[in-house]
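Work through the exercises below with the model open. Try each task before you read its solution.

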Amino acid sequence: MDLDPAPTGQHEESSSNEMDVEIPQKMMHENGGESAELGQEMNASGEQGKNDELLVALLIDELQNDDVQIRLNSMRKLSTIAKALGPERTIKELVPYLSEFVDDEDDILVVLAEQLGGLQSCVGGPEHAHVLLIPLETLSGIEEAVVRDKAVHSIKEIIKVISNKKLEEHVIPMIKRLANGKWFTSRVSSSSLFEIVYNRMGPNIQTELRSLFVKLCDDDTPMVRRAACQQLGQFASVVDYKSVISEVVPSMAKLTKDGQDSVRLRTVENCITVANLLQPEDRQTKILPIIYSLCKDKSWRVRYMVADKFCPLTEAAGNEEKNRVEMINIFVQLLQDGEPEVRTAAAQKVTEVAKLVGEKLTTDKLMKPIEALAKDECQYTRAALASNIMGLASCAPKEVVLEYLLPQFLQLLKDGDPEVRLNVISKLESVNTVIGVELLSQSLLPAVDELAKDKKWRIRLAILKYIPLLARKLGPELFQKQLCEQCIHWLRDSVWSIRTAAAENLKQLAEIFESKWTSSHLVPEVKTLSESKKPGHRLSAVYAILHLSQVMEAQYIVQELIPLSTKLSKDKVPNVRFTIAKALESIAKKVDPKVAMSSIISCLSDLCNDEDQDVKYFAGEALDNVNTFSAGKPTPAATAADSKEIA
């Protein structure tokens, strides 16, 4: 079939196999025949019908261009060519022509496979959509996996719209050819097509399809077995119960003993899918032995996958007591695995598993392994346990928690790795319900103190974020004795992110303990900080003033924060002065204009005459906003937004 455009100057009648279009010679050769420039010339000519033919001819010519990018651009306009040719010529000429492109570049083939799936309307609709399967079948056997995946996706789109009769006539033979293909690539592609056609076929064809799929699961090539294993769960979901038991489950059991761990890996998720299809008694006899086998697998990656998916595996095993006992025994083996990665994955799941198996099995089976994990040589395993250990408190009686979990909790608090200690502290809500405030202060606060002084600034920042939660648990008196000094010390930290977070932390403490406590314990420390010789410390004092003003009562702002702000407005460092100008603008929105507005305006007016240009600018801007606000016309920016802008 010849789709080449006719030479220049010829106006011959086309045969049924030739295109009745012509193309100017210069458009075929200048700059690779760029279609965008041609389109502009066509619109100017006003001859729309002839222009369409010229455009189609140009696109077809570009499909044969030596430049890959030009061919790629033309291939993306395949639907334009097909619509211009019409259904009959698309079927008879274009589709066979495209079938010859299988030796092109992979990028071209990816686009071709994608475009073919969208040409259904261009070949006459569902009645003739099966003709597109011819080039797609060839593309399904290409070596490049991306091309095959696109081809299979397009085949599925076509299968959805064609009738059962066409399915039996064209698709089923195609699947058989692919599944029995000489090259493994076609067999890999065929494994994805069984599930979508199975329920639309009669019993005889269904039997053939099951036999073919089982054959793929036992293929000589590992890539085929892996692909079949990946599709096994979806295929099982459309197969009748009897066939699942007699054919699918045995194939899955065989795949769990495959020589390739990449194949065995994929059987873990299959266990979840297939188990949900089975009756409780069949789960016990068919699925649990497979899970047990995977738990003992020689590859740590397979065992890791079992640990990672253990909760859905446990749910799929059923609620029967016997099954729960079997699953918890398997989980204990994972907690005691020889590979740290497996133990870490299992430790991440201890709380979820405990909730699934119940209080009795948690107490009887999990406490001893957890005790060993708390002393594990791998820091990542201990860190994973630290994140979950106190979640077990709700899954066991209080006496068991105090006897078994509390000692491990206290040991993890003294762990040499800061990540482990931090993970324990991150679960303070659960901790407090178990050990109480007194024991909390004795055991937890030394660990908090060490983390607050850690060399890694990210650790210091992380523990800082848990201070408000600690404050709620400890109460004002105990907090003031144990942690208040550290909160102020963070304002002097060498890292800017920690200093700004410390200022935000003061705001949260003021919200928790209210203005009177803040005035007695935090504001004096901020005043001391404002007198520091280091500009960074004085700037931290400004940020603290800004954040405290958001939550303190107006009388405390007027009595303490405004005078302190006025003093800082005379600082010798311009950064401090223009930052306090911004802070005063924010403070003005929190107080009664009649009470304090005059002192704020006076301070800002002085800053407007500052020798530094930046200070003048920000002070002038703040003064304008304050005057607008005091006149009863509040600015649209909210106080919280002001705080964010300054930070």
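## Exercise 1: Aromatic pairs

The model is predicted, and in it eleven aromatic pairs are counted.

**Task.** Take the pair F194 and F235 and classify its geometry.

**Solution.** 
- Step 1. A pair of aromatic rings is described by the distance of the centres and the angle of the planes.
- Step 2. For F194 and F235 the centres are 6.1 Å apart and the planes make 75°.
- Step 3. Plane angles over 60 degrees count as edge-to-face. The pair F194 and F235 is therefore edge-to-face.
- Step 4. F194 sits in helix 12 (residues 194-198) and F235 in helix 14, 41 residues apart, and the pair links distant parts of the chain.
- Step 5. Check burial. Both F194 and F235 are buried.

**Task.** Which residues form one aromatic cluster with F194?

**Solution.** The cluster consists of F194, Y198, F213 and F235.

## Exercise 2: The largest cavity

**Task.** How many cavities of 30 Å³ or more does the whole structure hold, and which residues line the largest cavity?

**Solution.** 
- Step 1. The search returns one cavity of 30 Å³ or more.
- Step 2. The largest cavity holds about 40 Å³ of space.
- Step 3. Its lining is R210, F213, V214, L232, F235, E247, V248 and S251.
- Step 4. Helix 13 (203-217), helix 14 and helix 15 (241-255) supply at least two residues each.
- Step 5. Sort by class. The lining of the largest cavity has five nonpolar residues, one polar and two charged.
- Step 6. Connect to Exercise 1. F213 and F235 line the largest cavity, and F213 and F235 also belong to the aromatic cluster.

## Exercise 3: The second largest pocket

**Task.** Which helix gives the most to the lining of the second largest pocket?

**Solution.** 
- Step 1. The second largest pocket has a volume of about 250 Å³. It is lined by 14 residues, and R148, D149, V188, A227 and Q230 are the closest to its centre.
- Step 2. Find the helices. Helix 9 (145-161), helix 11 (184-190) and helix 14 (222-236) each give at least two lining residues.
- Step 3. Helix 14 gives the most, with five residues.
- Step 4. By class, the lining of the second largest pocket splits into five nonpolar, five polar and four charged residues.

## Exercise 4: The largest nonpolar core

**Task.** Which members of the largest nonpolar core touch the most other members?

**Solution.** 
- Step 1. The largest nonpolar core has 202 residues. L139, F479 and L506 touch the most other members.
- Step 2. Helix 32 (residues 496-521) is the top contributor to this core, with nine residues.
- Step 3. Follow F479. Beyond its neighbours within four places in sequence, F479 contacts I467, A471, L474, C484, C487, L509, F513 and W517.

## Exercise 5: The whole chain

**Task.** How many helices and strands does the chain have?

**Solution.** 
- Step 1. The chain has 39 helices and zero strands.
- Step 2. Of its 647 residues, 53% are buried.
- Step 3. Among contacts between residues at least 6 apart in sequence, 66% join residues at least 24 apart.

How values were computed
Residues numbered from 1 in each chain as written. Predicted model: local features only at pLDDT ≥ 70, side-chain atom pairs only at ≥ 80, totals over all residues. Heavy atoms only, no water. 1 Å grid on protein atoms, 1.4 Å probe; cavity = no way out; pocket = protein on both sides within 12 Å on 5 of 7 lines; lining within 4 Å. Points joined across faces, edges and corners; volume = space filled by probe spheres on them. Helix = DSSP H or I, 4+ residues; strand = E, 2+ residues; numbered from the N terminus. Nonpolar A, V, L, I, M, F, W, Y, C, P; charged D, E, K, R; others polar. Core = buried A, V, L, I, M, F, W, Y, C linked by side-chain atoms within 4.5 Å. Buried < 20%, exposed > 50% of the residue type's maximum accessible area, 1.4 Å probe, protein only. Contact = heavy atoms within 4.5 Å. Phe/Tyr/Trp six-rings, centres within 6.5 Å; stacked < 30°, edge-to-face > 60°.
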